[in-house]
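Subject: Handover of a structure, with notes on its contents

Dear colleague,

Please find below the structure that I am passing on to you. My notes follow directly after it.

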Amino acid sequence: MRNSSLKTYKNLKVIVTGSTGFKGAWLCFWLYLIGAKVVGISLKPEKNSILFKKLLLQKKIKQFYLDIRNFKKLNQIIKKEKPDIIFHLAAQSVVSESYINPLPTMTTNVIGSANILEGVRVNKIKNLVYITSDKCYLNDGRKKSYFENDILGGEDLYSASKACAELTFEAYFKSFLLKNKKLSFATTRAGNVIGGGDMKKDRIVPDVIKALKNKTSLEIRNPNATRPWQHVLEPVSGYLRLGELMINKKISSSVKPNWNFGPNIINNKTVLEVVKEIISCWGIKKKINIVKNKNFKEAKLLMISNIKAKKELNWSPSLNFNETIKMTVEWYKKCFFENNIEEITTKQIEYFLNK
Ligand SMILES: NC(=O)c1ccc[n+]([C@@H]2O[C@H](COP(=O)([O-])OP(=O)(O)OC[C@H]3O[C@@H](n4cnc5c(N)ncnc54)[C@H](O)[C@@H]3O)[C@@H](O)[C@H]2O)c1
């Protein structure tokens, strides 16, 4: 993020899909701080979610509650708003949920994403940053990182939906968008994102935080699974950096528009290491119960290379593992015990920008 204050976005019209979600709310708030005119499209905030509500985003952005599977309504909004750029983050985002509700996972992540691409195509929107996942890659059990052009695939429905979203992007890109040099589109994959405000069920950090706050038992599955952990500001800064370069036509058309925003390899830690570090930062003793995961399969190792983003976008991760956990725990503590969300969120964005 060095050399960029992201001023490009000041006064630009920006649509963020998934604005009520974890990453989307951080992105909307950051864009709001820069002075962008933000339009959010998403479902209503989930019952237990806190970020969108406590950041008072409803008052700071123009928010539409809409299912992205409804092309007609989605298209009306894109047509009316005519944004300078769209960041597409709306998705069913949890692997375990895709075992419980496979069809909504597929329709939202594949058809919903196709609807965004179609809305962009018919309304000639100039810039699109399309967010999928590190899980779009076919996990072949390797012990090395996945690169942008590796084979796509997935054995669970969530991963498959993200691979399909990628294939849909590529087909749209090659069929319609590539021909028009005025348009810029890119797809991005990030790692396992953590940070303040995530309250999603079946994600490790919210599960640990809830157990610590509520003094309930702490159960973890897959303690030895290794993941590319990164603070939410890392991929969000990558999306913003990418969008900024796209808007300013600073990315060569010869570079394939797919980007990994992964952490440095040193941030690849096991679930158990993450849980222990959170407990240590929280500052109390807590027993960890390891339970067998009977319900669904999760890949043991997954890492994504960030070499291309470093070279072509001058983007690189800013926070080390300890800082990532420390900032995450600090955010939740401020939220639960001081109820001062705007201040801590702004402070963390400023700290990140000055790294
Ligand atoms: N959080 C992670 O660790 C992680 C890692 C890799 C990729 N991703 C991807 O990044 C994106 C954002 O993730 P997140 O963690 O913020 O997810 P989240 O679950 O917190 O938020 C999802 C957002 O999508 C919206 N949404 C879901 N279904 C919708 C529909 N049918 N119509 C309209 N809106 C809908 C929700 O309302 C919410 O605003 C997703 O595409 C996710 O798959 C997340």
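A residue is called buried here if 20 or more other C-beta atoms lie within 10 Å of its own, exposed if 12 or fewer, and partly exposed in between. By that rule Asp 202 is partly exposed, because 14 other C-beta atoms lie within 10 Å. Please note that this is a predicted model.

Asp 202 sits in the loop between strand 7 and helix 8 (204-214). Its phi is positive, at about 65°, although Asp 202 is not a glycine. Lys 124 also has a positive phi, of about 50°, and is likewise not a glycine. The loop that holds Lys 124 lies between helix 6 and strand 5. Is Lys 124 buried or exposed? Lys 124 has 10 other C-beta atoms within 10 Å, so it counts as exposed.

The surroundings of the ligand

The ligand is surrounded by 26 residues, and the closest of them are Gly 18, Gly 21, Ser 42, Leu 43 and Ala 91. Sorted by class, this shell holds nine nonpolar, twelve polar and five charged residues. At least two residues of the shell come from each of helix 1 (22-34), helix 6 (102-122) and strand 7 (192-194). Helix 1 makes the largest contribution, with three residues.

Strand 1 (residues 13-17) is paired with strand 2 in the parallel sense, over five bridges. Within this pair, Thr 17 has Ile 41 of strand 2 as its bridge partner. Strand 2 also pairs with strand 3 (residues 62-65), again in the parallel sense, and four bridges link the two. Here Ser 42 stands opposite Tyr 65 in strand 3; Ser 42 is also among the residues closest to the ligand. Strand 2 (residues 37-42) is largely enclosed by the rest of the structure, because five of its six residues are buried.

How many of the residues of strand 5 (residues 127-131) are buried? Five of the five are, so strand 5 is largely enclosed by the rest of the structure. Asn 127, Val 129 and Ile 131 point to one side of strand 5, while Leu 128 and Tyr 130 point the other way. Strand 5 has parallel partners in strand 4 (residues 85-88), over three bridges, and in strand 6 (residues 184-190), over five bridges. On the strand 6 side, Val 129 has Ala 186 as its bridge partner. Strand 5, helix 7 and strand 6 form a right-handed β-α-β unit.

Leu 128, which belongs to strand 5, has 28 other C-beta atoms within 10 Å and is therefore buried. Leaving aside residues up to four places away in sequence, Leu 128 touches Ile 86, His 88, Val 120 and Phe 185. Leu 128 and Ser 252 lie 124 residues apart in sequence, and their C-alpha atoms are 16 Å apart in space.

The largest nonpolar core

In soluble globular proteins, nonpolar side chains tend to be buried together. The largest nonpolar core of this model has 93 residues, of which Val 14, Ala 25, Leu 27, Cys 28, Phe 87 and Val 129 touch the most other members. Helix 7 (residues 157-177) gives the most to this core, with nine residues. Which residues does Val 14 touch, not counting those up to four places away in sequence? They are Tyr 9, Leu 31, Ala 36, Lys 37, Val 38, Val 39, Pro 83, Asp 84, Ile 85 and Phe 87.

Phe 352 is part of helix 13 (residues 341-353). This residue counts as buried because it has 20 C-beta neighbours inside 10 Å. Beyond residues up to four places away in sequence, Phe 352 touches Leu 233, Ser 237 and Ser 318. Phe 352 and Leu 233 are separated by 119 residues in sequence, yet the C-alpha to C-alpha distance between them is 7.5 Å.

With kind regards

Methods: Residues numbered from 1 in each chain as written. Predicted model: local features only at pLDDT ≥ 70, side-chain atom pairs only at ≥ 80, totals over all residues. Near = placed C-beta within 6 Å. Nonpolar A, V, L, I, M, F, W, Y, C, P; charged D, E, K, R; others polar. Core = buried A, V, L, I, M, F, W, Y, C linked by C-beta atoms within 7 Å. Contact = placed C-beta atoms within 7 Å. Pairing = 2+ DSSP bridges. Right-handed = clockwise from strand over helix to strand, strands pointing away.
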